[in-house]
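Welcome! Take a first look at the structure below, then try the exercises one at a time before reading each solution.

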Amino acid sequence: MREDLPVLQPMATISSLAYIFLGIIIWKKYKNKELLLLLILTGISSMFMHSTFSVLARTFDFLSIFLLNAWLFLNMQDKYRHKLMIYLLMVLMPSLVLFFIPKHPFILTTFVFIPMTLLTFLHKGNKNIRRAIVSIVLACACFFLDQNKVLCFHSINLHGHTLWHIFTMSAVYFYYRFILERKSETRTDSIALSSNA
């Protein structure tokens, strides 16, 4: 915390822009409006959180994480029925827990990274999933090292949470690449089935 500055965590605030940059890159390359909006929301919420550390900012920060995570989770699989209901549950459940038990690592681990890790290991043969797993492991390591003041050097502006933003952004990118591969495979299978019919 930099109490002497108007922005309490300058480097974490600046590194939050990574999500917005990724959203713009994905929009320009793949025209995915949903993911663009989710990444912009995540970036702005994270900047709001690290610049003010207010209760409202923290709520928006975690809500944006839950929204983005649920979107990635559901789009990694094709077979879910009632996707909207599952999506709302994946957002509302951790939000309620956050309201009653405001412990950051507990909520992130339980509702975000454990489900995503289990799902990614089902597809661990895929190179983009392997890269996403590595990114998530590195992100979590940086998060907890920063929490325990191990990776936190003000003199050289190196903070674990800044790296957390970079590695989680990287994981989102690789997850999305995997989603695109699955959609491409599904289209190819559909074309093959229709031509055989």
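The exercises below concern a predicted model, and each one comes with a worked solution.

**Exercise 1. Getting an overview**

Work out which elements the chain has and in what order they run.

Solution. Begin with the count: the chain has eight helices and two strands. Next, follow the order from the N terminus, which reads α-α-α-α-α-α-α-β-β-α. Then turn to burial: 43% of the 197 residues count as buried. Finally, look at the contacts with a separation of 6 or more: residues 24 or more positions apart account for 64% of them.

**Exercise 2. Aromatic pairs**

Classify the ring pair of Trp71 and Tyr176, then do likewise for Phe143 and Phe144.

Solution. A search of the whole structure finds eight aromatic pairs. In one of them, the ring centres of Trp71 and Tyr176 are 6.3 Å apart and the planes are at 35°, so this pair is tilted. Now place the two residues: Trp71 is in helix α4 (residues 55–75) and Tyr176 in helix α8 (residues 160–196). They are 105 residues apart, and the pair links distant parts of the chain. Trp71 counts as buried at 7% relative accessibility, and Tyr176 is buried as well, at 3%.

For Phe143 and Phe144, the centres lie 5.3 Å apart and the planes are at 80°, so that pair is edge-to-face. Phe143 is buried, with a relative accessible area of 5%, whereas Phe144 is partly exposed at 36%. To finish, widen the view: ring pairs link Phe113, Phe143, Phe144 and Trp164 into a cluster.

**Exercise 3. A lysine in a loop**

Find where Lys31 lies and what its charged end sits over.

Solution. First locate Lys31: its place is in the loop between α2 (17–30) and α3. Then check its backbone: Lys31 has a positive phi of about 60° although it is not a glycine. Its relative accessible area is 54%, and the cut-off for exposed is over 50%, so Lys31 is exposed. The charged end of Lys31 sits over the ring of Trp27, 5.1 Å from its centre.

**Exercise 4. A histidine between helices**

Is His123 buried or exposed, and which residues is it in contact with?

Solution. His123 is found in the loop between α6 (104–122) and α7 (127–147). Its relative accessible area is 17%, so His123 is buried. Leaving aside neighbours within four places in sequence, His123 is in contact with Met76, Gln77, Ile129, Phe178 and Arg182. Take Phe178 from that list: His123 and Phe178 are 55 residues apart along the chain, and their C-alpha atoms are separated by 9.4 Å.

Terms used: Residues are numbered from 1 along each chain as its sequence is written. This is a predicted model: local features need pLDDT of at least 70, side-chain atom pairs count only at pLDDT 80 or more; totals for chains, interfaces and linings use all residues. Side-chain values use heavy atoms; hydrogens and water are left out. Rings of Phe, Tyr and Trp (its six-membered ring) pair if their centres lie within 6.5 Å; planes under 30 degrees apart count as stacked, over 60 as edge-to-face and the rest as tilted. Helices (H or I, at least four residues) and strands (E, at least two) are DSSP runs, numbered from the N terminus. Buried means under 20% relative accessible area, exposed over 50%, partly exposed in between (1.4 Å probe, protein chains only). A charge sits over a ring if NZ of Lys or CZ of Arg is within 6 Å of the ring centre and within 35 degrees of the ring normal. Contact means heavy atoms within 4.5 Å.
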